[in-house]
Amino acid sequence: MGELILCRGPITATPYYIEEKALNVYSLEELSYYIYNNLYLINPGFMNNDLIHWIGNELGEKKLATELMELLAENVPVHIFIGHILDSCGYLTGPEIKTVMKEAQTLQNKTEAECRKIRGDHLLMNDRITDALYEYDSILRDKEVLHLPIGLEGDIYHNLATCYMRLFFFNEAITSYRSAYERNHRKATLRALLEAYLIADDQEGFQTTCQHYLVSAEDVDEVLKAVSFEANSDAIKEFSESIDSYFTTDVTSESRTSVEKVNELVEQWKTDYIRQCRI
C-alpha cells in the first residue's frame, strides 16, 4: 500500500529525477519525504546546481533557490543544506527536522556500506522485517563494489539472520549466523547461532557446532539456560495454557466453540505476521 503526501506548495509537470532511487519527485513535499526516508543515500553530491535550478525554475521557489545557491557556494555540510529544504515547506515538524539533521550529520563520516546498514537497522527496529532483510541482502550482493570490510560483512549477516528468525525461517537464519560468525568472530553471534539451533529443535546441529567451534561447557550451559528460561517464561506459559483451554472448551456450550476460538487466534497470528512482512 502506498502513502499519500499532502502537497501545499506547487506541483510541477517537470519532475526532478533522483538517480540513486530511479525516482521522480514533483514537489518540495515529495523531496522532503525522499530526504526523510532515504538519509543513508544523501551525500555531498545531493547538493548540486540541477536540483537548485529545478527548485527555482520549475517550482518557482526563487527565494529558496537563491538561498540554496549561497549555501552551495559556501560549501556547507549536507545536513545544513537539506535542513534548509525541509524547513521551507512545512512537511516535517521542527523536532523532526532537528532529528533528521542530527542523523544526517552522523552519516556524513560513514561509508556508503555503513549508511546502508544503518538504514537496515532502522527498518529492523521498526518491525519492517522484510524491508530490512532486502536491505541487508542488497548490501551483501554489492559487497565488492562497496569494498565491504569483513567485520562489517559479518555484522550484516548477523542482522540478516535476525530477520530470518523473526520470520521463522530457522534454517536460513542458522546459515546466516554461521556466515556472520566466520567473519566477525563475535561471541554474541556464536551464541545467537547456538540459540537458533535450539529454537529450531536441531540438537544434532547444536552439538556439532559446539564441537566445531570448541565452545566451552560453561558457555554451552549458559545458552541452554537462556533458551530454557525464555521457553518457561510467564508469557509463554500463559500462551500455552490459553491454547490448551481452547481445545478443552465444551463445544456443546452456548459460548463460542473451541474451533471458532482457535480460528480467531490463527487469524490474529496471520495479521501480525503479515504486518512484519509488509514492504
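Visitor: What should I know before I start?

Guide: The model is predicted, so local features need pLDDT of at least 70 and side-chain atom pairs count only at pLDDT 80 or more, while totals for chains, interfaces and linings use all residues. Residues are numbered from 1 along each chain as its sequence is written, and side-chain values use heavy atoms, with hydrogens and water left out.

Visitor: How many salt bridges does the structure hold?

Guide: A salt bridge is a side-chain nitrogen of Lys or Arg within 4 Å of a carboxyl oxygen of Asp or Glu. Here there are 16. Take Glu 112 and Arg 116, whose side chains meet at 3.6 Å, N to O.

Visitor: Where do Glu 112 and Arg 116 sit?

Guide: Helices are DSSP runs of H or I, at least four residues, and strands are runs of E, at least two, numbered from the N terminus. Glu 112 and Arg 116 are four residues apart in helix H6 (residues 112–125), so about one helical turn separates them. Arg 116 also pairs with Glu 135 (3.8 Å, N to O). Glu 135 lies in helix H7 (residues 129–141) and Arg 116 in helix H6, so this pair ties together parts 19 residues apart in sequence. Both belong to a salt-bridge network, together with Glu 112, Arg 119 and Asp 142.

Visitor: Is Arg 116 buried or exposed?

Guide: Buried means under 20% relative accessible area, exposed over 50%, and partly exposed in between (1.4 Å probe, protein chains only). Arg 116 is buried at 9%, whereas Glu 112 is partly exposed at 45%.

Visitor: What does Thr 12 touch?

Guide: Contact means heavy atoms within 4.5 Å. Leaving out residues up to four places away in sequence, Thr 12 touches Tyr 26, Trp 54, Glu 58 and Leu 59. Thr 12 is buried too, with a relative accessible area of 7%.

Visitor: Which residues line the largest cavity?

Guide: On a 1 Å grid over the protein atoms alone, a cavity is a set of points where a 1.4 Å probe fits but cannot get out; lining residues have an atom within 4 Å of a point. The lining here is Leu 39, Ile 42, Val 78, Ala 104, Leu 107 and Gln 108. The volume, meaning the space filled by probe spheres set on the points, is about 30 Å³.

Conventions
On a 1 Å grid over the protein atoms alone, a cavity is a set of points where a 1.4 Å probe fits but cannot get out, and a pocket is an open set with protein on both sides within 12 Å along at least five of seven lines; lining residues have an atom within 4 Å of a point.
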